[in-house]
Amino acid sequence: MLAFGLILSACGNKADSKLVVGATNEPHAVILNEAKPLLEEEGIELEVVTFSSYGMINPALADESLDANYFQHIPYLEAQIEEFGYDFVNAGGIHIEPMGIYSQKYNSLDELPDGATIIISNSIPDHGRILSLFEAHGLITLKDGIDKTTATLDDIAENPKNLEFQYNYAPELLPQIYLNGEGDAVVINSNYAIDAGINPVEDSIAIEGSESPYVNVIAVRNGDEDREEIKKLVEVLRSEEIQQFILEEWGGAVVPVSE
């Protein structure tokens with residue numbers, strides 16, 4: 001069994017069944033805790049186990065310490081399955097955390113100078129997403145015919161500003177790197193930005209729109225997607241009450257999905 005970080009105890013003791021779900025702190029654990037009373041009404045006790053690092057959560061699901069986890073988007077889940085052979089499935093999408101570009105030196109992407117240093121995550125599954133964001137803003141062009149969700153730096157066809165992408169940084173360190181004023185721009189996933197007190201909507205100089213394909217999902221071991229408790233968890237997280245909570249709590253920095 002892995003040693004966990006903070007364990008948030010479930011409310012109430014009258015539930016007919018129990019789910020243990022692993023999550024990163026914000027927004028995932030916050031959303032799950034908001035859903036606890038609704039699940040309790042359905043006879044399900046929810047225990048939320050929070051992790052400070054992505055790398056521990058899928059192993060905890062694989063060794064059955066968890067019933068499900070809620071922290072990863074679909075391309076990351078698929079890459080983890082391919083790399084580690086996990087027998088996991090996506091039980092349902094819940095929300096999108098837009099990827100944002102931040103700078104202490106410039107107020108817009110247009111102001112970035114020739115040869116600007118762009119600091120990005122060392123998580124390879126994020127690179128296609130990051131590059132697609134820069135392409136959408138006209139700063140680079142990716143090669144024709146590639147799957148942009150799996151694009152790498154080698155797939156850049158045109159880079160007229162000669163942007164220098166540096167990718168030797170763990171994603172959880174990027175907010176502090178931005179706050180330190182390092183690089184010309186830093187690309188940060190909204191969950192890490194929010195956790196560091198950075199407002200993705202107000203503080204970024206560019207951000208993904210709600211059309212992003214990088215939906216954060218409930219992941220479970222193969223076959224468990226048919227468990228009634230898991231179905232009810234997804235149903236509650238997609239409920240109007242939880243969707244409205246997400247919109248009000250993060251003001252568009254986290255965007256709910258309904259399917």
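**Exercise 1. Work out the strand order of the open sheet of 5 strands, and find its edges.**

Solution. Start with the order, which runs 10-7-11-6-12 with mixed pairing. Strands here are DSSP runs of E, at least two residues long, and helices are runs of H or I of at least four, numbered from the N terminus. Two strands pair if DSSP finds at least two bridges between them. Next, look for strands that pair on one side only: these are strand 10 (164-169) and strand 12 (206-207). Now zoom in on strand 7 (residues 117-121), which pairs with strand 10 in the parallel sense over 4 bridges. There, Ser121 sits opposite Tyr169 of strand 10.

A quick note on the model: it is predicted, so local features need pLDDT of at least 70 and side-chain atom pairs pLDDT 80 or more, while totals for chains, interfaces and linings use all residues. Numbering starts from 1 along each chain as its sequence is written, and side-chain values use heavy atoms, without hydrogens and water.

**Exercise 2. Find which residues of Ser17's surroundings touch it, leaving aside neighbours within four places in sequence.**

Solution. First place Ser17: it belongs to strand 2 (residues 17-24). Then list its contacts (heavy atoms within 4.5 Å). They are Gly43, Ile44, Glu45 and Glu229.

**Exercise 3. Say which residues of helix 1 and helix 8 meet.**

Solution. From helix 1, take Ile31, Leu32, Ala35, Leu38 and Leu39. Their partners in helix 8 are Lys232, Leu233, Val236 and Leu237.
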